[in-house]
Amino acid sequence: MQKFNVPRYIQWLVIVGLFYLVVMLLLRLAFVFSFHHTVLFSDLGASFLLGLRFDLRIVSIVVLILFILGCFRILHPFHKKSGKKTSFIILGIFSFILCFFYIIDFSFYSYLSQRLSGSILNYAEDAAISMSMVWQTYPVILLFLSLIVGVVFLMWVIRKAHNSIAKKYIQPSKPARIGWGITFFLLLAISIFGRVGQYPLRWSDAFALGNDYKSQVALNPFQSFFSSLSFRRSTFDLSKVRAHYDLVADYLSVTNPNKDQLNFDRLVSPTVPDGYSPPNVVLVICESFSAYKSSMINNPLNTTPFFNEMVNKGIYFDRCFSPTYGTAKGVWAIITGTPEVQLNSTASRNPAAVDQHTIINDFEGYEKYYFLGGSTSWANIRGLLTNNIQNLHLYEEGDYKAAKIDVWGISDKNLFLESNKILSKERKPFFAIVQTADNHRPYTIPDEDKNEFKVAKLPADTLVKYGFENNEEFNAFRYTDFTFQKFITSAAKEAYFKNTIFVFIGDHGIYGNAHDLLPDAFTNMRLTAEHIPLLFYAPALIRPARFSFAVSQIDVLPTIAGLAKINYLNTSIGRDLLQPATQQKEGAYIIDIDPRNSGFIRGNLFYNKNMNSNQKTIGNLYNNDQIDLTDSINHAYETMTDALYETSRYLLLNNKKRQ
């Protein structure tokens, strides 16, 4: 570097950074050799490369702090003693934290088979018991000595590097110093961001490796700890789960109930006739698909005429609800079968919850596809998908021929058409998920479609009366129906169409005024944010039917598996909606995160209670007649509400894949 007239300060920081990276690489190797696994060492290349990027981010943050401080002459480690002292103090603190974190990380993994997470802070609440357990379980004195030796060794090498470079007199010109400084700063910034693109490097990228152990190898304790810190309160009350177990087991028709083991398993083995050809599945998750804005509830604006035609030819559930509001939470509920009841952030962002069983994997012999017009880095959805859906073909932004139109990627029309082209070439049975995005701000209508799709304009008072804020939202909702028509029309020309079950479900609704369209309880109790259409469409395979009992997003996969006559293991709360037992014990759990309301829908009633104040309300979903909250109603609905909430909290962290 001296040959290129690189300032001594930058030379030293580069050496320090590389030294820390080597140390962290050796610690990753030590992790692999300490915790053996069936994964071959030769198969861990991607884990080590991703791990290097995680390590580089941590090291770059420390180096950037030193670099910025050194830009002030008084804190320059080669010009002032105060600067040298400050740099060594910072590096000493980091060296201590690095050694401490890795020692705790190795101990944590040996105990829980999980990299260090924010949940370790929960043990501080019972500090005396926790410390006694640590003292009796681990060689504390040896670990403490290892900590001291590690810090001393790291600082010895860093001092040696400083002394060696300090002997070299380098005085680059001012332009050279500025140029090297800007270059070094940009390299550090890119290293911290982790990639060139819209989204930064995230912990979920580790879980895109498709194997839990490979993911654990890629992480370092800094990444796993700070990524999970905000989720350390994401836990459950085992005593409450057991107290409600019998009620939930009966509700789910668990065949072998066991309160001690908290068994929720239901193994379903349908009778398959001779010569049966397994159908394909295309599951469309529709952005912000509010039922009250649609033609299916006779909204006079007739926004979804094509979808309404499909409803008449398929199995339609007009009282389907998402368990809560939010796209990431809706995708979670559909994929896992568990209501997403996490009160802070989303479960898809929680490293402790990323390992989930999904019925999709029971579609053996099927090719699995997921199509999204934008990036799956959003909300860390990539980790949820690739870590849990085996051999998934994931298509996202950058994988399509169509151009990106806004922040959400390519248009829904092009997403459907390109997905259709890919699926038309598949010769095996397939299970494909298409997730739309255009019915979302900024409500983009592509210029290429404006000749065929006519943008409408209505008076503001008419829009508000029938559930829309403005013409942009109204037209985006209409455009969604246009894209559905384009998709089905194109798919109908392909060989796969006749043996395919198409499923359409909203990811969530949008809260708004539905007083002129539905009973008042939908608006007053905020159910418009969860009330969504659910349609199973396969004209050649299923008979049309319409149902009006309460159902949920979590029921989608069991129902698809039932229609496809797939043997599957159900480990969560979702149920096959076409089974008599489900229809007899109807129900949909709802949680509204922001006001902390939790409730249950059954029959004509929506029971809701505030989790903070315990205030309870009851709403009539059939008409506007007043309903009294009697003791018997309160007991029955509150018990079921609490049971499903506590069970969902438990399953978020205990519905892991079956090996």
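The talk below takes up the terms and the values behind them.

Modeller: This is a predicted model; local features need pLDDT of at least 70, side-chain atom pairs count only at pLDDT 80 or more, and totals for chains, interfaces and linings use all residues. Residues are numbered from 1 along each chain as its sequence is written, and side-chain values use heavy atoms, with hydrogens and water left out.

Colleague: How many helices and strands are there in the protein chain?

Modeller: The protein chain has 21 helices and 15 strands. Both are DSSP runs, numbered from the N terminus: helices are H or I with at least four residues, strands E with at least two.

Colleague: Why is the protein chain called as compact as a globular protein of that length?

Modeller: Its radius of gyration, taken over C-alpha atoms, is 28 Å.

Colleague: Why is Ile178 called partly exposed?

Modeller: Buried means under 20% relative accessible area, exposed over 50%, and partly exposed in between (1.4 Å probe, protein chains only). Ile178 has 46%, so it is partly exposed. Ile178 belongs to helix α6, residues 174-193.

Colleague: What share of the protein chain is buried?

Modeller: Buried residues are 56% of the 659.

Colleague: How far apart are Ile178 and Phe363?

Modeller: In sequence, Ile178 and Phe363 are 185 residues apart. In space they are 59 Å apart, C-alpha to C-alpha.

Notes: Rg over C-alpha atoms; globule rule 2.2 N^0.38 Å.
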